[in-house]
Amino acid sequence: MYTIQSNVSGTRSLSFTEENLKTIEKYALFQGLIDSNGIVDESVLDKLKLNIRSIIGSSENDCKDLLDLCLNVIYHDNMKAFGLHQLILFYINWKKEKDEKEEVAEE
């Protein structure tokens with residue numbers, strides 16, 4: 001279980017699992033999400049929510065992992081733009097470490 005700060009003052013936090021990170025990776029939810037200005041604001045969070053709704057609506061497969069991500073993280077009361085920014089930063093570091101471990105395992 002991982003925890004990130006979800007507001008600037010540090011009074012709220014958000015917890016998520018390794019499975020949630022794998023779901024983000026599986027559906028490439030953060031690719032193309034942020035505009036060229038690099039700012040994560042409420043419109044970016046809304047865009048993510050709409051993208052997820054679209055994936056769920058058009059999927060013929062079981063999306064239990066995506067629904068779990070929505071319930072536990074994306075639609076959580078504490079999820080705001082700052083929290084999404086922290087989640088994106090955490091995901092980038094997690095992905096980098098995961099890729100490095102896979103490279104070492106291949107050698």
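Modeller: A salt bridge is a side-chain nitrogen of Lys or Arg lying within 4 Å of a carboxyl oxygen of Asp or Glu, and by this rule the count comes to seven salt bridges here. This is a predicted model, in which local features need pLDDT of at least 70 and side-chain atom pairs count only at pLDDT 80 or more, while totals for chains, interfaces and linings use all residues. Residues are numbered from 1 along each chain as its sequence is written, and side-chain values use heavy atoms, with hydrogens and water left out.

Biologist: What makes E19 and K22 a salt bridge?

Modeller: The N to O distance between their side chains is 3.8 Å, and the limit is 4 Å, so the pair qualifies. Both residues lie in helix α1 (residues 18-26), three residues apart, which is about one turn of the helix; helices (H or I, at least four residues) and strands (E, at least two) are DSSP runs, numbered from the N terminus.

Biologist: Why is K22 called partly exposed?

Modeller: Buried means under 20% relative accessible area, exposed means over 50%, and partly exposed is what lies in between, with a 1.4 Å probe and protein chains only. K22 has 37% relative accessibility, so K22 falls in the middle class.

Biologist: How do you know that D65 and K26 link distant parts of the chain?

Modeller: The side chains of D65 and K26 meet in a salt bridge at 3.1 Å, N to O. D65 is in helix α3 (residues 64-74) and K26 in helix α1, and the two are 39 residues apart. D65, at 22%, counts as partly exposed, whereas K26, at 56%, is exposed because that value is over 50%.

Biologist: What makes K98 and E102 a pair, and where do they lie?

Modeller: The closest N and O atoms of K98 and E102 are 3.6 Å apart, and this is within 4 Å, so they form a salt bridge. Both lie in helix α4, four residues apart, about one turn of the helix.

Biologist: Turning to the rings, why is the pair of Y2 and F16 called tilted?

Modeller: Rings of Phe, Tyr and Trp (its six-membered ring) pair if their centres lie within 6.5 Å, and planes under 30 degrees apart count as stacked, over 60 as edge-to-face and the rest as tilted. By this rule the count comes to five aromatic pairs. The centres of Y2 and F16 are 5.8 Å apart and their planes stand at 40 degrees, so the pair is tilted. Y2 lies in strand β1 (residues 2-5) and F16 in strand β2 (residues 13-16), so the pair ties together parts that are 14 residues apart in sequence.

Biologist: Is F16 buried or exposed?

Modeller: F16 has a relative accessible area of 2%, which is under 20%, so F16 is buried.

Biologist: What makes the pair of F16 and F90 edge-to-face?

Modeller: Their centres are 5.2 Å apart and the angle between their planes is 85 degrees, which is over 60, so the pair is edge-to-face. F16 lies in strand β2 and F90 in helix α4 (residues 81-106), so the pair ties together parts that are 74 residues apart in sequence. F90, at 24%, counts as partly exposed.
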